[in-house]
Amino acid sequence: MQTYPKKGYLSSDFRVFHLHDRKLRDIPFHYHDFHKIILFLGGHVDYIIEGKTYHLRPNDIVFVTAGEIHRPVFLDDEAAYERIVIYIAPDFLRRLDTRAKLSQCFTEAREHGSVMHQLPNRSHDLLFHMDKLEKTAHGEGFANGLYTEILFIEFLILLNRSLGDHELKTLDAVSYDPKIQEVLTYINEHLADDLSIAVLAGHVFLSRYYLMKKFKADTGYSLHAYIRNKRLLFARDQLRTGKSVTEISHLAGFRDYSTFSRAFHALFHCSPKEWRASHEPAGYHSDAFSSRSSSF
């Protein structure tokens with residue numbers, strides 16, 4: 001079974017890095033268990049997220065929601081790829097949302113475009129605040145952890161204010177196939193339904209062969225692999241609720257529990273019941289943390 005590789009692990013509420021690389025190898029399509037914000041500072045890079053290719057410019061902000069399939073494409077091996085990256089644990093963001101809807105920036109990105117450009121004459125210098133956050137996160141001093149968390153929350157507040165004040169604009173330089181985007185949207189909105197190749201091809205009036213070939217060209221993966229992974233990621237999130245595992249398997253589009261359990265174990269290396277037992281609803285912690293394997 002073809003699966004997307006999961007890159008990187010996050011064992012804290014958030015992490016911040018300032019990275020500067022040259023001559024990077026090709027990065028395959030992958031997903032994360034955590035949200036990611038990238039402030040693009042330099043390089044010659046395209047960024048593909050869920051079938052859309054964004055042509056990045058300095059100071060663009062990239063939003064990658066947990067579970068979204070993505071990869072960077074390096075167009076010039078000699079140009080340095082510089083960026084500040086923030087990883088955010090989904091449960092930490094949910095806890096913050098109980099006081100203020102700080103996840104709104106990810107909602108806006110999913111609905112309107114995953115890359116946003118900062119307009120001139122803006123009231124908030126997001127680069128200054130992100131750079132200060134990164135330096136503080138790797139510093140020392142009295143109550144440095146608490147101070148870093150305060151700066152992180154401040155950055156999210158200013159980022160969402162910038163959206164509300166229309167100081168961030170969805171990137172115009174984006175290319176995608178409308179038919180493939182329609183298929184992606186349909187899949188993610190109908191995970192419990194019949195998502196056979198015939199149904200999807202009929203929905204967008206394409207031949208099954210052309211749809212399968214074009215979908216893989218645009219996303220890097222087969223329709224079958226994409227659907228199965230999205231169903232399993234959805235099911236894993238539902239395991240944090242009070243629903244029964246059997247009900248969750250049906251909501252995720254699996255017709256019987258044994259098929260669901262085998263597929264879940266193949267991707268997450270444990271049964272659904274084992275995963276639920278080891279994850280408290282209020283806190284998310286993965287196995288370990290890799291500082292660079294997911295920082296692209």
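These legends walk you through several close-up views of a predicted model.

**View 1. Two domains along one chain.** Welcome to the overall layout: the domain assignment divides the chain into domain 1 (14-170) and domain 2 (177-278). Their C-alpha centres lie 27 Å apart. Where the two meet, 12 residues of domain 1 are in contact with 15 residues of domain 2.

**View 2. His-70 and its surroundings.** Here we look at His-70, a residue of strand E6 (residues 70-74). His-70 is buried, because its relative accessible area is 0%, and buried means under 20%. Its side chain and that of Lys-36 are joined by a polar contact of 3.4 Å. Setting aside neighbours within four places in sequence, the residues in contact with His-70 include Pro-28, Phe-29, His-30, Tyr-31 and His-32. Tyr-47, Ile-48, Ile-49 and Val-64 are also among the contacts of His-70.

View 3. Side chains of opposite charge can pair when their charged atoms come close. The model has 10 salt bridges, and one of them is formed by Asp-13 and Arg-95, with 3.2 Å between the closest N and O atoms. The two partners are 82 residues apart: Asp-13 sits in the segment before strand E1 (14-21), while Arg-95 belongs to helix H1 (residues 90-97). Asp-13 is partly exposed at 24% relative accessibility, and Arg-95 is partly exposed too, at 34%.

View 4. Asp-91 and Arg-94 form a salt bridge whose closest N and O atoms are 2.1 Å apart. About one helical turn separates the pair, because they are 3 residues apart in helix H1. Asp-91 is buried, with a relative accessible area of 3%, whereas Arg-94 is partly exposed at 43%.

View 5. In helix H7 (residues 208-219), Asp-218 and Lys-214 are 4 residues apart, so about one helical turn lies between them. The closest N and O atoms of their salt bridge are 2.8 Å apart. Asp-218 counts as buried at 15% relative accessibility, and Lys-214 counts as partly exposed at 22%.

**View 6. A nonpolar patch on the surface.** Finally, meet Leu-146, Tyr-147 and Ile-150, which together form a nonpolar surface patch with about 300 Å² of accessible area. Ile-150 is part of helix H4 (residues 144-164). With 48% relative accessibility, Ile-150 counts as partly exposed.

How values were computed
Residues numbered from 1 in each chain as written. Predicted model: local features only at pLDDT ≥ 70, side-chain atom pairs only at ≥ 80, totals over all residues. Heavy atoms only, no water. Patch = residues over 30% accessible without salt bridge, like charges linked within 9 Å, V, L, I, M, F, W, Y side chains within 5 Å. Areas by Shrake-Rupley, 256 points an atom, 1.4 Å probe, with all protein chains shown as cover. Salt bridge = Lys/Arg side-chain N within 4 Å of Asp/Glu carboxyl O. Helix = DSSP H or I, 4+ residues; strand = E, 2+ residues; numbered from the N terminus. Buried < 20%, exposed > 50% of the residue type's maximum accessible area, 1.4 Å probe, protein only. Polar contact = N/O pair within 3.5 Å; in protein donor to acceptor, adjacent residues only side chain to side chain. Contact = heavy atoms within 4.5 Å. Domains from an automatic or database assignment.
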